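Here is a quick tour to read with the model open beside you. Keep the viewer handy and follow along.

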Amino acid sequence: MYRTKHDKILLALHIVNIIQFIIICTLNTTCSAEIMEAHYIEHKQEFQTFINNTRHRLPDSTSIDIEFNRRGEIDRLSTNTEIDQSFINELRSDLEKIGCRGFAIGTNHFVFLFRRIDLGAYYFYIYDHPLIDEEIEKFNHDPGYIVFDRQTLFYYGGGAIGTQEFLGKKVYLQKKGDTQ
């Protein structure tokens, strides 16, 4: 079947391409509350610096939602103000430093896109002020949210199809409760 040297080289190149495809498809294909906790703790100061710098550079009434793909190109950009390319480049660079692919500014919080896996995505919600008990209770009862602390939530959004439940939430909260 593969009789010539040319056929054997083509076969080898196809095998290499398949291996590369498998490696690319499996990068960052897992996420859990434990992974998010470790990442957040490691980059907590960088998250806060990003928030402070971004708020300082944009008018108070600014709405922005931006996501970059793995190649660093803009996948989604929605804003109510004009943003120049140099600022977008700074945002991309700063997001890469904290290991995130995008962010959005909410009324009283920032949402950071941490990882996309299949059709779902994992997010950090970082609030400007501590959440009150009623808000924490509401988030605790929502299967997609994990309350990390009074200002930080982990969230899983399953996309249009699929579960909206943060898998492993109960086990994580049990372990977290045992260590407190």
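Which residue is the bridge partner of E67 in β2? That partner is R76.

## Before you start

You're looking at a predicted model, where local features need pLDDT of at least 70, side-chain atom pairs count only at pLDDT 80 or more, and totals for chains, interfaces and linings use all residues. Residues are numbered from 1 along each chain as its sequence is written, and side-chain values use heavy atoms, leaving out hydrogens and water.

## The chain at a glance

The chain has five helices and seven strands. Here helices (H or I, at least four residues) and strands (E, at least two) are DSSP runs, numbered from the N terminus. Read from that end, the elements go α-α-β-β-α-β-β-β-α-β-β-α.

Of the 180 residues, 37% count as buried; buried means under 20% relative accessible area, exposed over 50%, and partly exposed in between, using a 1.4 Å probe and protein chains only. The accessible surface is about 11,500 Å², with 55% of that belonging to carbon and sulfur atoms. Those areas come from the Shrake-Rupley method with a 1.4 Å probe, and for residues only the protein chains shown count as cover. As for contacts (heavy atoms within 4.5 Å), residues 24 or more positions apart account for 51% of those with a separation of 6 or more.

## The sheet

The seven strands make an open sheet in the order β2-β1-β3-β4-β5-β7-β6, with antiparallel pairing. Its edge strands are β2 (74-79) and β6 (145-149), each pairing on one side only. From one strand to the next, the twist averages 15°. Two strands count as paired if DSSP finds at least two bridges between them.

Back to E67 and R76: strand β1 (residues 64-68) is joined to β2 by five bridges, and the two run antiparallel.

## Around β4

Now look at β4, where eight of the nine residues are buried. With β3, β4 forms a hairpin that has three residues between the strands. That antiparallel pairing has four bridges, and I105 stands opposite F110 in β4.

On to β5: eight bridges join β4 to this strand, again antiparallel, and F112 stands opposite F124 in β5. These two strands also form a hairpin, this time with two residues between them. D118 sits in that loop between β4 and β5. Its phi is near 55°, a positive value in a residue other than glycine. Most residues other than glycine have a negative phi. Is D118 buried or exposed? D118 counts as exposed, because its relative accessibility is 77%.

## Helices across the sheet

Helix α3 (residues 85-97) lies across β1, β2, β3 (102-105) and β4 (109-117), running at about 65° to β1. Helix α4 (residues 133-141) lies across β5 (120-127), β6 and β7 (152-157), at about 135° to β6. For these angles, axes are lines fitted to C-alpha atoms, for helices over the stretch in contact, and angles run from 0 to 180 degrees between N-to-C directions.

## A histidine to check

H43 is in helix α2 (residues 33-57). Why does H43 count as buried? Because its relative accessible area is 12%. Leaving aside residues up to four places away in sequence, H43 touches K97 and I98.
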